[in-house]
Amino acid sequence: MKKRVLFVCLGNICRSPLAHGILESMVREAGLSHLIEVDSAGTASYHLGELADLRSRKVAEKHGIRLTHRARVFAPRDLHAFDYILAMDCQNQKDILKHVDGDCLATIQLMRSYDPVNQNEDVPDPYYGDQSAFEEVFEMLQRSCAALLEEIKLELHR
Ligand code: 4NP
């Protein structure tokens, strides 16, 4: 059975599209694109339809990843369409949980519950930071995505 992963942040232009691109690239390299689908969304609509922030695209490109996603808003129906929903920070997680009803399929977790370093901390919002804030976010997302992919692979074998 296919596994579907959704990354969620506030604007869907900095953190979640970066996580989206990183995991998608890892999935492709693992030859699992037919089994794992990746998407991202934001809890706010400020940047609807926009490409990822230039600074996210820059750090991704440095690592050979092209970000082509256009920002979209998280919708309550996403709770029924995804197996894993990963919130970048506690506020994103609270905003998602507001929509949970009885038959929600997804597990809603903090992205850094998968980070072996400083587990369960927020992925800090780099929007008002400089390029180095985006580099740091990339590192934590890369570590978290690697652990998440291992977990999904186990789940695929169950
Ligand atoms: P993101 O970052 O949630 O990682 O996409 C932000 C992007 C835009 C804004 C805030 C955070 N904003 O206030 O416009």
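**View 1. Val-8 has Ala-41 as its bridge partner in S2.** The model shown is a predicted one, in which local features need pLDDT of at least 70 and side-chain atom pairs count only at pLDDT 80 or more, whereas totals for chains, interfaces and linings use all residues. Residues are numbered from 1 along each chain as its sequence is written, and side-chain values use heavy atoms, with hydrogens and water left out. Helices (H or I, at least four residues) and strands (E, at least two) are DSSP runs, numbered from the N terminus; two strands are said to pair if DSSP finds at least two bridges between them. S1 and S2 run parallel and are joined by seven bridges, and the chain passes from S1 to S2 by way of helix H1 (residues 15–29) in a right-handed β-α-β crossover. Right-handed here means that, with the strands pointing away from the viewer, the path from the first strand over the helix to the second runs clockwise. Another bridge in this view links Arg-4 to its partner Glu-37 in S2.

**View 2. Strand S3 (residues 84–87) and its pairing with S1 and S4.** Strand S1 (residues 3–9) and S3 pair in the parallel sense over four bridges, with Ile-85 of S3 as the bridge partner of Leu-6 and Phe-7 standing opposite Leu-86. Six of the seven residues of S1 are buried, so S1 is largely enclosed by the rest of the structure. S3 also pairs in the parallel sense, over four bridges, with strand S4 (residues 107–110), where Gln-109 is the bridge partner of Leu-86. Together with helix H4 (residues 90–97), S3 and S4 make a right-handed β-α-β unit. In a regular strand the side chains alternate between the two faces of the sheet. In S3, Tyr-84 and Leu-86 point one way and Ile-85 and Ala-87 the other way, all of them being buried.

**View 3. The shell of residues around the ligand.** The ligand is surrounded by Cys-9, Leu-10, Gly-11, Asn-12, Ile-13, Cys-14, Arg-15, Tyr-46, His-47, Asp-125, Tyr-127 and Tyr-128, a residue being included if one of its heavy atoms lies within 4 Å. By class, this shell holds seven nonpolar, three polar and two charged residues, where Ala, Val, Leu, Ile, Met, Phe, Trp, Tyr, Cys and Pro count as nonpolar, Asp, Glu, Lys and Arg as charged, and the others, Gly among them, as polar. A polar backbone atom of Leu-10 is 2.9 Å from an oxygen atom of the ligand, and a backbone N or O atom of Ile-13 lies 3.0 Å from a ligand oxygen atom. From the side chain of Arg-15, an N or O atom is 2.8 Å from an oxygen atom of the ligand. The protein buries 91% of the 350 Å² that the ligand exposes when taken alone, with accessible areas coming from the Shrake-Rupley method with a 1.4 Å probe and, for residues, only the protein chains shown counting as cover.

**View 4. Met-1 and Leu-149, with a C-alpha separation for each.** Met-1 has its place in the segment before S1 and is exposed, with a relative accessible area of 86%. The C-alpha atoms of Met-1 and Glu-135, 134 residues apart along the chain, are separated by 34 Å. Leu-149, in helix H5 (residues 131–157), counts as buried at 6% relative accessibility. Leu-149 and Phe-82 lie 67 residues apart in sequence and 15 Å apart in space, C-alpha to C-alpha.

Definitions and conventions
Buried means under 20% relative accessible area, exposed over 50%, partly exposed in between (1.4 Å probe, protein chains only). A polar contact is a pair of N or O atoms within 3.5 Å; within protein, one must be able to donate a hydrogen and the other to accept it, and residues adjacent in sequence count only if both atoms are side-chain atoms.
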